[in-house]
Amino acid sequence: MLQLTGLVLALLLLWPISSFAAIGSVEKKTGPADLFRSKEKIPVEKNTGVEMNDDIRTGNGVVGIGFDDKTKVQIERHSKLIIDDFVYDSREPTTSRLGLKVALGTVKYASGLIAKNNRQAVSISTPTARIGVLGTAFSMTVDEIGKSLIILLPNADGSVGKISVESDVGQVILNQAFQATMVSTIETPPTGAVVINNLTTSMIDNMFIVSPPQEVKQAVEEQVRDDMNDDQGILDVDFLEFNELEGDIDT
């Protein structure tokens with residue numbers, strides 16, 4: 001019996017700690033929110049622990065989460081965030097990684113130690129965009145069909161970092177405070193980067209789904225015009241008018 005007990009204890013010690021341990025906790029909570037873990041639905045409260053693969057959904061409230069590496073996310077009202085991956089080891093920074101997906105609504109992100117130690121270890125996405133992070137802050141607003149508005153935010157100390165935003169067919173770099181791009185589908189490139197004037201971080205919420213900032217609207221309209229001009233240019237070519245195979249052939 002003692003040998004069996006020792007074996008059980010040994011197996012428990014070898015089992016990955018991440019299977020049981022929280023990777024962060026809820027630091028702020030206003031209004032209703034739920035956490036879905038496997039088939040379990042857990043009401044979110046302050047100090048609720050979060051784990052890898054958790055699906056956090058807010059109602060008419062806001063949830064702020066702090067991860068073990070000091071990454072911060074704020075999930076705005078009527079939004080959904082999925083924690084795809086999280087491993088953090090302060091002794092072995094190269095083994096750490098973070099994966100988040102914003103499925104709906106608005107989420108604000110501020111980099112922690114994982115991104116600062118190894119930006120390649122951070123994977124943040126929406127249904128239509130992938131964001132490359134270099135130790136900075138930004139927001140993501142996603143509508144019901146996945147269209148995504150990404151805005152670069154100033155860091156807490158006032159500095160401004162840089163992110164890349166890409167779809168399957170294009171990429172844009174944001175490197176100024178409140179610079180933004182919109183990605184309509186995964187098969188279309190992001191719009192050109194534009195700075196949104198007179199904007200503060202507290203103003204960014206799901207209203208940008210209903211009514212994007214004027215600067216973003218203009219960038220989308222410009223992208224549509226460019227696409228139409230490109231298509232018109234193709235249609236204007238008369239492929240029967242010129243054939244480079246025609247002409248004198250030396251014999």
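The legends below describe close-up views of a predicted model.

Residues are numbered from 1 along each chain as its sequence is written. Local features need pLDDT of at least 70, side-chain atom pairs count only at pLDDT 80 or more, and totals for chains, interfaces and linings use all residues, while side-chain values use heavy atoms, with hydrogens and water left out.

**View 1. The largest cavity and its lining.**
The search of the whole structure finds 1 cavity of 30 Å³ or more. A cavity is a set of points, on a 1 Å grid over the protein atoms alone, where a 1.4 Å probe fits but cannot get out; lining residues have an atom within 4 Å of a point. The volume of the largest cavity is about 70 Å³, where a volume is the space filled by probe spheres set on the points, joined across faces, edges and corners. Among the lining residues are Thr141, Asp143, Lys147, Met182 and Phe208. Two or more lining residues come from each of β12 (137-142), β13 (148-153) and α3 (207-210). Helices (H or I, at least four residues) and strands (E, at least two) are DSSP runs, numbered from the N terminus.

**View 2. Glutamine 179 in strand β16.**
Strand β16 covers residues 179-183. Glutamine 179 is buried, with a relative accessible area of 6%; buried means under 20% relative accessible area (1.4 Å probe, protein chains only). Residues up to four places away in sequence aside, glutamine 179 touches Ile150, Ile151, Leu152, Ile173, Leu174, Ala193, Val194 and Val195. Contact means heavy atoms within 4.5 Å.

**View 3. Valine 183, also in strand β16.**
Valine 183 is buried, and its relative accessible area is 0%. Leaving out residues up to four places away in sequence, its contacts include Thr128, Ala129, Ser148, Val165 and Pro190. Glycine 170 is 13 residues apart from valine 183 along the chain, and their C-alpha atoms are separated by 9.7 Å.

**View 4. Strand β7 and its two faces.**
Side chains alternate along β7 (residues 72-75).

**View 5. The partners of strand β7.**
Two strands pair if DSSP finds at least two bridges between them. Strand β6 (residues 62-67) runs antiparallel to β7, and 4 bridges join them. Valine 63 stands opposite isoleucine 75 in this pair. β6 and β7 form a hairpin with 4 residues between them, and lysine 70 in the turn has a positive phi of about 80°. Another 4 bridges join β7 to the antiparallel strand β9 (residues 97-110), where tyrosine 109 stands opposite valine 73.

Note on methods: 1 Å grid on protein atoms, 1.4 Å probe; cavity = no way out; pocket = protein on both sides within 12 Å on 5 of 7 lines; lining within 4 Å. Buried < 20%, exposed > 50% of the residue type's maximum accessible area, 1.4 Å probe, protein only.
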